[in-house]
Amino acid sequence: MNRFIKRHISKGKASFALATLLFTLSGCSDYLEILPLNEVVLENYWTKKEDVTSVLNGCYEALAAENSLDHLGVWGELRSENLVRGGSLDNKYVEVLKENILPANDLTKWEDIYKTINRCNTVLAYADGVQKLDPNYTEAQMMANKAEATFIRDLCYFYLIRTFRDVPMIFEPSIDDTKEYAVAATPMKDALRMLSEDLESVKDYAVLRYVDDSRMTNSQAANNAYENCAKVTRVALYTLLADIYLWRGEYDKAISCCDYVINFKKNQYQERIANIGQLNDMHLFSGIPMIRESIVNTKTCGNAYTEIFGTGFSFESIFELGYQKGATENKYTSGSYMGDSQGIMGRYSAPEDYASNVTSGNNIYFAKNDCRAYENISESNGHFFITKYYFTSVSLENDNVTDMKSLRLSLGTRSVNNSNWIFYRLSDVMLIKAEACIMKDNPDFQTAFTLINSINKRARNYNETVKSDSLAFSTYSSSREEMEKLLFMERKREFMFEGKRWFDLVRKSLRDNNTHYLANEATQKQKENAVAIKIQLADMNAIFWPYNREELKRNNLLKQNAAYRDAEDFQK
């Protein structure tokens, strides 16, 4: 038996090791088909680089699994004002919408996320030993694989921390059943520090890109170089690190990480220009290359939506789950948003005030020429369908909007909702940097405004043919508070229904040391008990979720969130 494996398995523990290995390798069927099950033991595994990459692929699969993505999406969006009840809805979602979250609710379970973390920990524990055994597995390949696993693990932890605040931080795989795995929760501040240190240690080992796309158009890259978006790259690591630094209040470090990603995108754009000529679907917004809403010399908008959310794997993508290439259904978007090609509503609907009176110019969120208003939401017979991710393509004219007919709206829809799920894209990086510029000790309002305005200009199709700004700097530059309001409103418009809004509200509450903004925003959708819910959310503890009661039984070192202790006692 290999010594690096033997250290983790005590004599007589083969059956447990077998069970653990089989669990870890779900989805790695090629290996299991080669050997009879009674021969699948650890000494026959972790001997070649294919073993590492096979389990690493399982990390991606676990992240994309139905229950995992459902929890990540729910945790980041459902408690915010962005989602209201739509079609058929299980009670566990209804209770969350009503801010009646009990420790017995299945949506408080985190076991699927920790399963993903354990797969990543397994790769990180055994990759070094494999590299010593397999001469074809270079150190550079090993370090790149470890960077991938570190990103996926730390992304999972980042979701857990933003949802539950204090969580158990486990960095070793569950291999030896003699090890005690009751682990106390690490305080949020310390946990975020651990993540940033972890990512810093591997960020420059990650692959910069898997396929050379320097001679490809955006369409060609989406079809042939999609691994650059669907697998973890160096720019993905820098983006996650920037986000974590933002939450930590390390604003200069966040800006530095964002600049790395933005400069990479600028260089990527210039490469393509040098090799294949001008790209008619791109424009430099204040020097940053972004996908245009309208192709050059046309006035028809919708191209940015089509490339980013319809086709997927766009130039602006940083990291997304590639359901389209796997030909599998994205159960989260199909179940949560617009249900299918028959126009069936998913679990959730958009609030009415998000889509009302946009074409008349009287909507409080969207200007009438903001393409996102028509791409993200569709109204039919008084129902407001969430269509982000559902449309495969959008075509509209926003230059002279007077009513819906004037839009000349044309839509392509999915027969199977195999839409990708985007964790990070270029807009994230730009707005993370903008927020850091606003909040740092010596704020840079001009840079922040330019970044925010660039995203707003793209959405309203302002480019070389329309020179004027969509927003006025003087309107917001008087104070940090005004700039912050502008930032959060633009984040709301840009990332609507992408699983980010509740986390934005939590981050601001932590920074302000009060929940005033969160409570006011989140209760806008409440038709009943709004005052009582606002009082409930005044407690900073209540903006985080309770630990599931089964987790408390399994791990006696966990202490229930104080905001939910009465609910836990009541259930007993």
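This is a guided tour of one predicted protein model, stop by stop, for a reader with the structure open in a viewer.

Because the model is predicted, local features are described only where pLDDT is at least 70 and side-chain atom pairs count only at pLDDT 80 or more, while totals for chains, interfaces and linings use all residues. Residues are numbered from 1 along each chain as its sequence is written, and side-chain values use heavy atoms, with hydrogens and water left out.

**The whole chain**

Of the 572 residues in the chain, 58% are buried, where buried means under 20% relative accessible area, exposed means over 50%, and partly exposed lies in between (1.4 Å probe, protein chains only). The chain exposes about 23,100 Å², and carbon and sulfur atoms supply 47% of this area; accessible areas come from the Shrake-Rupley method with a 1.4 Å probe, and for residues only the protein chains shown count as cover.

**The nonpolar core**

Next, select Trp-75, Leu-160, Phe-319, Tyr-348 and Phe-423, which are the residues with the most contacts inside the largest nonpolar core, a set of 163 residues. A nonpolar core is a set of buried Ala, Val, Leu, Ile, Met, Phe, Trp, Tyr and Cys residues joined through side-chain atoms within 4.5 Å. Helix α8 (residues 139-164) gives the most to this core, with 14 residues. Centre the view on Leu-160, whose contacts (heavy atoms within 4.5 Å) include Trp-75, Trp-110, Ile-113 and Tyr-114, when residues up to four places away in sequence are not counted.

Now select Asp-128 and Lys-146, whose side chains meet in a salt bridge (2.8 Å, N to O), a term for a side-chain nitrogen of Lys or Arg within 4 Å of a carboxyl oxygen of Asp or Glu. Asp-128 lies in helix α7 (residues 111-133) and Lys-146 in helix α8, so the pair ties together parts that are 18 residues apart in sequence. Asp-128 is partly exposed, with a relative accessible area of 30%, whereas Lys-146 is buried, at 15%.

Among the buried residues of α22 are Leu-486, Leu-487, Phe-488, Glu-490 and Glu-494.

Arg-425 counts as buried at 2% relative accessibility, and Glu-494 counts as buried at 5%. Both belong to a network of salt bridges, which also includes Glu-316, Asp-370, Arg-372 and Lys-388.

Then select Glu-435 and Arg-507, whose side chains meet in a salt bridge (2.9 Å, N to O). Glu-435 sits in helix α19 (residues 426-439) and Arg-507 in helix α23 (residues 501-512), 72 residues apart, and both residues are buried.

Definitions and conventions. Helix = DSSP H or I, 4+ residues; strand = E, 2+ residues; numbered from the N terminus.
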